[in-house]
Amino acid sequence: MIDQHTLETLEFPKIITAISGKCLTPYGTQVVRSIEPLFDREAIERRQDEIAQMKDIINFGSAIPLCRLEDCTELLERSSLEGTYLDPDEILRVLELVEVSIDLHGYDREEREKFPAIDEYLRKIRAFPELKKEINRAIDESGDIKDNASSKLKRTRLDLADSRRTILNRLESILARQHKQAGWQDDVITQRNGRYVIPIISGQYSHNLGILHDRSQSGATFYVEPNETVELNNRINQLMQEERVEMDRILRAITAEIAQRADPLQENCRLIGLLDFFHAAAGLANQIKADRPAITTEPQLQLREARHPLLILQHGGIDKVVPLTISVDESRQGVLITGPNTGGKTIALKTIGLSILMAQAGLPIPADPRSGTGIFASVFADIGDEQSIELSLSTFSSHVGNIVKATRNISPGTLLLFDEIGAGTDPKEGAALAEAIILYTIKHGAKLIATTHYSQLKTLALEHPEIENASLEFDRQSLAPTYRLQMGIPGSSYAVEIASRLGMNPQICKQASSLLGSSERSLTDLIASLESELARVREDKTNLTDRLAKAKELEDFYRTQTDRLQKETKEEKKKALAETEQLLEQTRREAEKLVADIRKTQASERSVKEFHHRLRSAEERAAHLRAKLESEAQSAKEPARFEAGDAVRILSLNQKGEIKELLDRNKARVRVGNVTTVVELRNLEKLSDTHQPKRRSAGTTYDTEQASSPEIHLRGMTVDEALEALERFLDHAVVSGLSQVYVIHGKGTGTLRRSLTDYLKQHPDVIDIRLGNWNEGGAGVTVVKLKQ
């Protein structure tokens, strides 16, 4: 097996992401996320055939009719539920699937027999031209139901149009007979409450004219339904109800037709997804100039002119990436790669490992077509510095832990990739341990490729013919690496030369060169005499480093939070005050207008006084709010008086502490638990022994339990609610030291995801975002990488 650690170390998920980015359909993206190395030669070669034939279609055939589609699987499932039906827009989404299915089913029937692997999928796709015809007959491109969808709907709409013309003519006739005052221009027929009405001057209205439905804002115009058009309006409403009923019946009938074909349409989605995956993989192969390698059942490899695919994508072509050639088989079980730092050893190791993973997944690799790989039952990679503070693992401990896992179930079908094997400890002990690991691997028939700086390991090839040296070439004249892999030649680290190139003092470099030829001196006595002092220094340094890091983190957080809170508070207060004044002014204008209307209609003096009393009350409330806000703003500018030893609360985190020292008029050194930091006095609140303030700054309370969680659920929220919740969550996550969090927003229509993505791209603490992998929630989850 190949564990997730190795897949990620060798950057296989990035290849999956690159292929996924070229997919046109959600079905293809779903297939790509499930791609992983295979262990059956027949399955691998079948996938190679499928991608290779699709590549030939892209390069030499007519364009395959794949296009961007929305996911219809949920709609197809819902169409089969009793009592439900799809709306016109949803039916059009299904129509797109049907049209693509028809096009793929009939694609290039004469020539596609040259591509039997692809032809097999095309034949399995079922076309439903009758369903396409039925949908197009009933619904137009904009999602409106056509008049010809049924004879009853057509008749109803014709009757509705006739009735509307009749009532409009009748109303125009009534308006023409109506007596008008000089300057009257409001002769417009309109609708109120779904019924046609005409405007009448308020002074001319009487009950026998018809039904009063509404009046203008000024009260000067009444909207009346004349008595003689009541039956016509009733008829129009009846016809509109009949139209809605018939439209529902048509939608239910089309939904039933879709439901009858739901299962084969779901299968079409799966087949389209596979074709989309082949198309995307072939597109990437063209971009990185990749070809299929030969596959053998024996665990071996022979890479010729292989390049790292991600480097090709990064540099925009293969010309800027140096290729490598390497082989491992029964006669050459292990390869030890030596060379200078920054010489390309790690990239070489990753290129080899990633090429094998891609080949076993059936994907083309950027190498000479004569390359070949076998099938490895397990691949394990230990590359890079994987020290862990949380797990108390040093670089050496991390490497050893990985090697233990790799060698636990070692077999002839195992491939081990070790970067700087034995590094991170005493060179003699590290070299001895590395040699033992290499020999143990060779003894059990496994294959191994490792990088090292240890000179002792370079002699292994002389004693063990199963092991071969290799090196990364270094140009001593330019003192620069060429990144070319040389088989059979051990390399040097060129430490002195590189140090000189980087500006090291010439005298130091000269002495170092002279010391290289001297015999080693024992350091046992020196180590013994310094052991106790070094242990104490290490402990003090570790504690000091941790404290400084935590103090710096807290200080930065306090400053950022305080500045942001002050700015937000000030802006919110100004906004609230402006809104209040605007509302009051608007209310005053409306009130004066209403008062004028009341007086015009001879309302009682008591009602007028009561209305003015309410207006004065509103003004008093606004004035009180203004005074309160100004008082809070003024008090915020005047920090309380503090002294050393005072118990305080840090408002931005709602954490208690003790003032150890006043630094100046604006800052104090505060101890919170085992951490001491500098805090501005305006961010402190003095506490007494008996008083525990309950006030908490809105939006700034630090919830440890919430912050410790690496994920947040935003499904079901509006965009505004989700953005507000996400902002608080990211603040907590940054303070908690989380490096990666998961934003769960669901798939839905994609509106919420797009809004969250736009927000995250602008967030200062976000390094990178991506959609979740298949095992992380897919398109319903956004994975966010945070600054440390």
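Which residues does Phe-277 touch, not counting residues up to four places away in sequence?

Phe-277 touches Ile-19, Gly-28, Val-31, Val-32, Ile-35, Arg-47, Ile-51 and Leu-363, a contact being heavy atoms within 4.5 Å. The model is predicted: local features need pLDDT of at least 70, side-chain atom pairs count only at pLDDT 80 or more, and totals for chains, interfaces and linings use all residues. Residues are numbered from 1 along each chain as its sequence is written, and side-chain values use heavy atoms, with hydrogens and water left out.

## Helices α2 and α11

The axes (lines fitted to C-alpha atoms over the stretch in contact, angles running from 0 to 180 degrees between N-to-C directions) of α2 (residues 12–20) and α11 (residues 262–288) come within 8 Å and cross at roughly 110°. The helices are DSSP runs of H or I, at least four residues, numbered from the N terminus.

Ile-15, Ala-18 and Ile-19 in α2 meet Phe-277, Ala-280, Ala-281 and Leu-284 in α11. By class, this contact has seven nonpolar, no polar and no charged residues; Ala, Val, Leu, Ile, Met, Phe, Trp, Tyr, Cys and Pro count as nonpolar, Asp, Glu, Lys and Arg as charged, and the others, Gly among them, as polar.

Terms used:
Helix = DSSP H or I, 4+ residues; strand = E, 2+ residues; numbered from the N terminus.
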